[in-house]
Each structure stands twice: as structure tokens, then as C-alpha cells.
Amino acid sequence: MRFGRRRSGHDEGAAAPLDEVVEDDARDGVEPPARTREAPETGPYDVSEVDLEERRLVDLGSLLLEPADGVELRLQVEEDTGNVAAVLLVGADGALELRPFAASRGGEAWEELRPRIAAETERVGGTATEQEGPFGTELLCLVPVTSPEGESATQASRFVGHVGPTWLLRSNLMGNPAVDPEKALPWDELIRSAVVRRGAEAMPPGSPLPLVLPPDARPASE
């Protein structure tokens, strides 16, 4: 897995070594949060539901991910603030965007977010259709675009909300895997292996959880 940083559509950042292993929250003097629900059989997981010493994960702050062969990891950085807004995993046949948010305990964050995604899709001339998938209710969005060759095309995105104890992880699978269940399988496994670290800081529901560049990051060109 290569790691890079993306700002204003250009790769400028850095790559983390593959041998980086996350230990646990205690390394920063913070006790891991108490378990708030029974550990699920499949992820995404809350940090309290996994033994980080047994997992090989890349630490991006509120999101911890397993490396994957043939997949490049980029951090999308907001130009005005310099904050990392999202994690983007890019492969040969598609891409996966991950965004963690704070959410109310026992709330319905995904039910509330889906109509907003659908409205924005329709605003730009696309269609949004609810469907059932491996993670529950999903949103398939199709948006008309112009290809680099100047031809009309359709951009497909499959949005899914993964609800944790006090967080929501929004995944957006793009390209062929968004519409082809077989091609989506390895991407779905990346989602299932993800771990969310909510933290103890009080945050309004819907606030983005902080994402950071790994401390040992190096330029992607290396």
C-alpha cells in the first residue's frame, strides 16, 4: 500500500512505511474507552472492540486501516484549513473514500445523512437510489460527467453508513466496484477491517473526527 497526500487535486504528500504497527491508546497516555456494545463479528470496529497489539494497522488518528497490496492511500487536505478531510484508497479499478464523524449514542445518523446525500446528487443532475447491500441500506448515486476525451459518461458512487457506539463512518465506493458486486468484494473487506477511534472529546453530532498523517510519513514519490 502506498501512501500519499492530496491537496487541490494534486499529490503532494507523503507515504507511511508498511511496517508501521499501531500499539494502543495507552502509548499516548490515554486509556482505551470502555466497551459500549458487544463486539460485532465483522467491522468496521470501534477501537474498544479489537486488540490493537494483534492487528497490523496504519494509525491515521480517528481511523486505523490495514495495508492492502495494490492500493494507494491518499489523504484529502482542505486548502483553507490544512485539515485532513477524508481518506482515499485508490486501486486499479476504483476508489474508496472514508470519512469518520461523531454521532449520538443510539442515534440514527445514517438515516439522517442519506437524504442529504441524495439531495446533493440530484442538485448536480444525478440520481440517487436506495438499495440493500452487505452493510444494510446503501445509496447508489449516478452523476453525469464529461470524460477527459470530452465524451458523456456516468460516475457511479455507492454510499454506505457504518454506525458505531458514538460515531458514523461514511464509506463511498467509486467506479466499477460501486456497481459490480464481485469487483466490490475486496473493497468491502477493507471497510470491514477498519477501526474507528472516537476519542473522549465532546463533539456535536456530525462533526468530522480528526484525521492525521502518520508520524513516519514520507513523500509518495519515494
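E97, R99 and R170 are linked in a network of salt bridges, a salt bridge being a side-chain nitrogen of Lys or Arg within 4 Å of a carboxyl oxygen of Asp or Glu. By this rule, ten salt bridges are counted. The model is predicted, so local features need pLDDT of at least 70 and side-chain atom pairs count only at pLDDT 80 or more, while totals for chains, interfaces and linings use all residues. Residues are numbered from 1 along each chain as its sequence is written, and side-chain values use heavy atoms, with hydrogens and water left out.

**The pair within the network**
- R99 forms a salt bridge with E97, and their closest N and O atoms are 3.3 Å apart.
- E97 is buried, at 8% relative accessibility; buried means under 20% relative accessible area, exposed over 50%, and partly exposed in between (1.4 Å probe, protein chains only).
- R99 is partly exposed, with a relative accessible area of 22%.

**A pair between two strands**
- R158 and E138 meet through their side chains in a salt bridge, at 3.0 Å from N to O.
- R158 lies in strand β12 (residues 152–163) and E138 in strand β11 (residues 136–146), so this pair ties together parts that are 20 residues apart in sequence.
- Strands (E, at least two residues) are DSSP runs, numbered from the N terminus.
- R158 is buried, with a relative accessible area of 6%, and E138 is buried as well, with 2%.

**The pair E72 and R74**
- The side chains of E72 and R74 form a salt bridge with an N to O distance of 3.2 Å.
- E72 counts as buried at 14% relative accessibility, and R74 counts as buried at 16%.

Methods: Helices (H or I, at least four residues) and strands (E, at least two) are DSSP runs, numbered from the N terminus.
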